[in-house]
Amino acid sequence: MVGAHCVNHNKYSIGVCYEGGYDARGQHADTRTPAQKSALRQLLADLHRRYPRAVIVGHHDLNHRKACPCIANVAREYADLQPE
Ligand SMILES: [Zn+2]
């Protein structure tokens, strides 16, 4: 089923989200807990096995008006799970 997570990219992508992304002052921040980081990595590793040609990017990388996922550098953090 086509999702509705990223304008112009929904037809060929899988949206992955985590709860958070705002600090106590309401500013964008990487607020992932260790458990969220672990779960996210496990999910992305599973998706990488199933879709080895899929590139992992942040919402911000496709729409610069978005701040999410508030991870400093998605491509670098998951470099080991990117296509070869
Ligand atoms: Zn987003």
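Student: Let's start with N8. Is N8 buried or exposed?
Tutor: N8 is exposed, with a relative accessible area of 67%. Here buried means under 20% relative accessible area, exposed means over 50%, and partly exposed is in between (1.4 Å probe, protein chains only). This is a predicted model, where local features need pLDDT of at least 70, side-chain atom pairs count only at pLDDT 80 or more, and totals for chains, interfaces and linings use all residues. Residues are numbered from 1 along each chain as its sequence is written, and side-chain values use heavy atoms, with hydrogens and water left out.

Student: Where does N8 sit, and what is its phi?
Tutor: N8 is in the segment before α1. Its phi is positive, about 75 degrees, although N8 is not a glycine. Most residues other than glycine have a negative phi.

Student: Which other non-glycine residue has a positive phi?
Tutor: C70 has one, at about 60 degrees. C70 is in the loop between α2 and α3.

Student: Buried or exposed, that C70?
Tutor: C70 is buried, because its relative accessible area is 14%.

Student: What is C70 in contact with?
Tutor: Leaving aside neighbours within four places in sequence, C70 is in contact with Y18, G21, H28, A29 and D30. Contact means heavy atoms within 4.5 Å.

Student: How far is the C-alpha atom of H60 from that of C70?
Tutor: Those two C-alpha atoms are separated by 8.3 Å, and the residues are 10 apart along the chain. H60 is found in helix α2, residues 59-62. Helices here are DSSP runs (H or I, at least four residues), as are strands (E, at least two), numbered from the N terminus.

Student: And what does H60 touch?
Tutor: Setting aside neighbours within four places in sequence, H60 is in contact with K66, A67 and C68. H60 itself is partly exposed, with a relative accessible area of 32%.

Student: Which peptide bond is cis?
Tutor: The one from C68 to P69 is cis, with omega near 10 degrees. P69 is in the loop between α2 and α3.

Student: Switching to α1. What end-to-end span should it have?
Tutor: At 1.5 Å a residue, the 17 residues of α1 should span 24 Å, and its end C-alpha atoms are 24 Å apart, which agrees. The expected span is 1.5 Å times one less than the number of residues.

Student: Which residues of α1 are buried?
Tutor: L40, L44, A45, L47 and H48 are buried in α1. Seen down the axis of α1, the buried residues fall within an arc of 165 degrees, so they line one face of the helix. That arc is taken from the directions from the helix axis to the C-beta atoms.

Student: What's on the face turned away from the buried side?
Tutor: That face of α1 carries the exposed residues P34, A35, Q42, R49 and R50.

Student: How many salt bridges does the structure hold?
Tutor: Five. A salt bridge is a side-chain nitrogen of Lys or Arg within 4 Å of a carboxyl oxygen of Asp or Glu.

Student: Which residue does R41 pair with?
Tutor: R41 meets D80 in a salt bridge, 2.9 Å from N to O. R41 lies in helix α1 and D80 in the segment after α3 (74-77), so the pair ties together parts that are 39 residues apart in sequence. R41 is partly exposed, with a relative accessible area of 30%.

Student: What about D46?
Tutor: D46 forms a salt bridge with R50, with the closest N and O atoms 3.2 Å apart. Both D46 and R50 lie in helix α1, four residues apart, about one turn of the helix. An α-helix has 3.6 residues a turn, so residues three or four places apart point the same way. D46 is partly exposed at 27% relative accessible area, while R50 counts as exposed at 51%.

Student: Last one: which residues form the nonpolar surface patch?
Tutor: I14, V16, L43 and Y51 form the patch, with about 330 Å² of accessible area together. Patches are made of residues with over 30% relative accessible area and no salt bridge, with like charges joined within 9 Å and nonpolar side chains (Val, Leu, Ile, Met, Phe, Trp, Tyr) within 5 Å. Accessible areas come from the Shrake-Rupley method with a 1.4 Å probe, and for residues only the protein chains shown count as cover. V16 counts as partly exposed, at 33% relative accessibility.
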